[in-house]
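I opened my notebook to get to know a new structure. Here is what I looked up, in the order I went.

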Protein chains: 2
Amino acid sequence: MTPEEFRAYGHRLVDWLADYHASLPGRPVMAKTGPGEIRAALPSAPPTEPEDFGEAIRDLDRIVLPGLTLWQHPRFFGYFPANALLAGILGDLVSTGLGVIGLSWQSSPALTEIEEVVADWMRQMLGLSSSWSGVIQDTASTSTLVALICARERATGYGMARGGLRSQSRRLRVYASEDAHSSVEKGALLAGFGRENIRLVPNDAEFAMRADALAETIGADAANGDCPCAIVATVGATATTANDPVEAIAEIAKRHDVWLHVDAAMAGGAMILPECRSMWDGVEGADSLVVNAHKWLGVPFDCSLYYVRDPERLVRVMSTHPSYLKSAADAEVKNYRDWGVPLGRRFRALKLWFVIREQGVSGLQKRLRRDMANARRLAEMVAAAPEWRVVAPVHLQTVCVRHAPLTSDGAPLDGAALDAHTTAWVDAVNRSGQAYLTPAVIGGRWTARVSIGALSTEAADVDAVWDVMRDAAEAAWAKRAAGLGL
Amino acid sequence: MTPEEFRAYGHRLVDWLADYHASLPGRPVMAKTGPGEIRAALPSAPPTEPEDFGEAIRDLDRIVLPGLTLWQHPRFFGYFPANALLAGILGDLVSTGLGVIGLSWQSSPALTEIEEVVADWMRQMLGLSSSWSGVIQDTASTSTLVALICARERATGYGMARGGLRSQSRRLRVYASEDAHSSVEKGALLAGFGRENIRLVPNDAEFAMRADALAETIGADAANGDCPCAIVATVGATATTANDPVEAIAEIAKRHDVWLHVDAAMAGGAMILPECRSMWDGVEGADSLVVNAHKWLGVPFDCSLYYVRDPERLVRVMSTHPSYLKSAADAEVKNYRDWGVPLGRRFRALKLWFVIREQGVSGLQKRLRRDMANARRLAEMVAAAPEWRVVAPVHLQTVCVRHAPLTSDGAPLDGAALDAHTTAWVDAVNRSGQAYLTPAVIGGRWTARVSIGALSTEAADVDAVWDVMRDAAEAAWAKRAAGLGL
């Protein structure tokens, strides 16, 4: 492809993407593709000779688009908002198009220094003190793994430089809420702690970690001669957006000299709103912190901000100094390869830079406030409807609901039958193509989650999903009642 | 930004990138920016109100471009080729623009199934048997970390499900060549093995691991009651492109039941050339393997292909099953989140798919052969020049050279003085902006590496860098000789 062909195809694909974004409301949200269908549509062997690039573009419509679940759709209410602001898409285009790699500062100074600046902009936007230093990682899973490895090394006096984890005399324990994200357990297992050493601390009635139970567990472990190594506090749990009491947890961490990592992957974005910051009161007492700019905030995936209080502790664990990476500037600059796992690094800061400039902090704030108002609006409608219930406090933009119709014995549906009903009607919503929800088990029962916050989701879309939900739930219940003779 | 504005700005940025690529030959290769200069050019706080997006685009010329070391430049001979084929840039644009995330198959079926297909295309292109299964990771650093964690778990009977690494009775050892990439040591340290348990096996005269020394070390460890856990064999060492003897190493691995990971991050790309495959003879005896499509092959960073012989061993270590990620299709499909560290995944397969289709296997092969011919051409010129020496075999596209002029006592420059001379003239080449080299320590002495293989590098560029090198080395030597009174 020549630069002139790139120009022509590039214009065509930019137009294709603009049309795609404009066409979203008319498309089914969830892919209707069955397992193996797309694979079967592709040749099983690579082409020996070059193909006409126009064919590849046509396959976007023929094969790719029908096989996508549309995260940017105005009626996408699944998982979490993973927004791709148009300015961020263009920032990422420039990043890829420049084709520079951040192995070291010298290997592309602007890549490193713009990352330093925008990570600090984000710090200010989140209301964090200047004692935090930031870096962009790919995902919160990676950020949390990095945090747990740093905690492990601090607790063992940097045993990595000697016999490693096996040579430790004391058991190292990790603590998290029973509703902590799956990446916390995964990170602890990958870091070598072992499942027996992961302590899941019970929650209170609002699905937040009980600080008293944490204190008790840590105290017992310490008394037993074990080493309390790391606590992961969740701000905005995945299922419910519940908030662990960071301030109380930070005090416990300080008392026992335990590493505190705050997982605010989704909810952290909301900290650009001063009125939300009470959700993580006490965060200044943490050692590390992750906030994904690629979720609600709208920087295209992947862009996970990882902040640490003491970069030396991070660099000590992550740094390498092979001769082929040395440069004259090393002593005066940040080499971000020493702040995470991968050596090679994309110019991710560009998309974050473009997004913040194009939106302004006020533009980002305004949209998040819109989404929170929409969530409150939905919660009120649900709470007012007979047989429907909001089952967790609405802290941000996620509304967790159940439809528990009255059964023939006059009591609301419950137990396994309620689970079956919930998953059936959510599945019907998804199959309809009219909206997309991803349920979760909350307090032991399957629950529908309406995660509001796609860029184009307006109040009308929230009203629409509520209609679709009621229709689906009532139809599922009627079908079930008919089948059961209720 | 509206879709119509996106269209206009998108066209403008595509044009900007086309112009950028066309303008590369006239630009200095290495950034001339000093530490902190770019940071100082940016506001220290984020903008409250939206900015004109045109300003952000203008800053690309004003601030970003002068601050980049240009990996796509025809006279970039540093590190390794990290090519960004134009078709791949467009594939990545579509990936970012679609804004879909591969948390699970259901969350975007095409993302997963196209990845399955193109990872298998790559397998075929590399000449690997059908018993390998592939997945795209970000970098070889991550792939190698994943391999070492899987090795750790297999060796301990999946101790992660119990007390973790600390509860192992035997010391777990990892083996690699003394010239293995820094990511191998880093991965072993992050996985918790501890530096004392990393055995660096000595090399032969051509910088490849000595299989006899490996066998001896492993035998001694086993006799001592330790557990030989993982061997990392390097195909195409970073500094020299040396190749560890994979076949002999695989036999040793089999004999001692040790996990064998093959790090072919750069050189693996060359396995699309049948005439190069003897470089990794015996690879079918490995357990895992990494080849970066984002290096010489030309898929824009990041796109690291990780292959395993037994996906169950990978999934067992990496899988998580929280309720909020379950879907009806789970039993019938691949959920690639269980094949690596991050939960969220970009649609990376698109850029690989576009590159292979637009180039055809033959197009990729032709370019790699051109680069290897250019490397041989340079090596011949260097070998024929008095006082110059090629210090390692030229297996692929990297030529390692030293200029060792005769000193006043009639012997060639050596020792610390040779190191000082080498780094001085390489630094002069880089500062000239006419070419970019990154030196490395090879066999204990600083050496200039000419890593050939940028997309636009032709024979004339190789002739040009050779001229620049000679001028720089002679000038540095003359200056030194004058200063020393030689």
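The entries below go from ground rules to the chain contact, the sheets and a few backbone details.

**Ground rules**

I am working with a predicted model, where local features need pLDDT of at least 70 and side-chain atom pairs count only at pLDDT 80 or more, while totals for chains, interfaces and linings use all residues. Residues are numbered from 1 along each chain as its sequence is written, chains are lettered from A and ligands numbered from 1 in the order in which they are written, and side-chain values use heavy atoms, with hydrogens and water left out.

**Where the chains meet**

I began with the contact (heavy atoms within 4.5 Å). Chain B gives 155 residues to it and chain A gives 156 residues. I then looked up the buried area, the accessible area (1.4 Å probe) that two parts lose on being put together, summed over both. For chain B and chain A this is about 13,300 Å², with 66% of it on carbon and sulfur atoms.

Next came polar contacts: pairs of N or O atoms within 3.5 Å, where within protein one must be able to donate a hydrogen and the other to accept it, and residues adjacent in sequence count only if both atoms are side-chain atoms. I noted 91 residue pairs of this kind between chain B and chain A, both residues at pLDDT 80 or more. On the side of chain B that touches chain A, helix 1 (residues 3–23) of chain B supplies the largest share, 15 residues. Helices here (H or I, at least four residues) and strands (E, at least two) are DSSP runs, numbered from the N terminus.

**Two sheets**

Strands pair if DSSP finds at least two bridges between them. In chain A I found an open sheet of seven strands, in the order 2-8-7-6-5-3-4 with mixed pairing. Its edge strands are strand 2 (133–137) and strand 4 (198–201) of chain A. Strand 5 (residues 227–234) and strand 6 (residues 259–263) of chain A run parallel, joined by five bridges. There, A230(A) stands opposite W259(A).

Strand 9 pairs with strand 10 (residues 398–403) of chain B over three bridges, and V390(B) stands opposite V401(B).

Which peptide bond is cis in chain A? I found F301(A) and D302(A) joined that way, with omega about 5 degrees. D302(A) belongs to the loop between strand 7 (288–292) and strand 8 (304–308) of chain A. In chain B, a cis bond joins F301(B) and D302(B), with omega about 10 degrees.

Y79(A) is not a glycine, yet I read a positive phi of about 40 degrees. Y79(A) lies in the loop between strand 1 (76–77) and helix 4 (86–98) of chain A. Most residues other than glycine have a negative phi, and most peptide bonds are trans.
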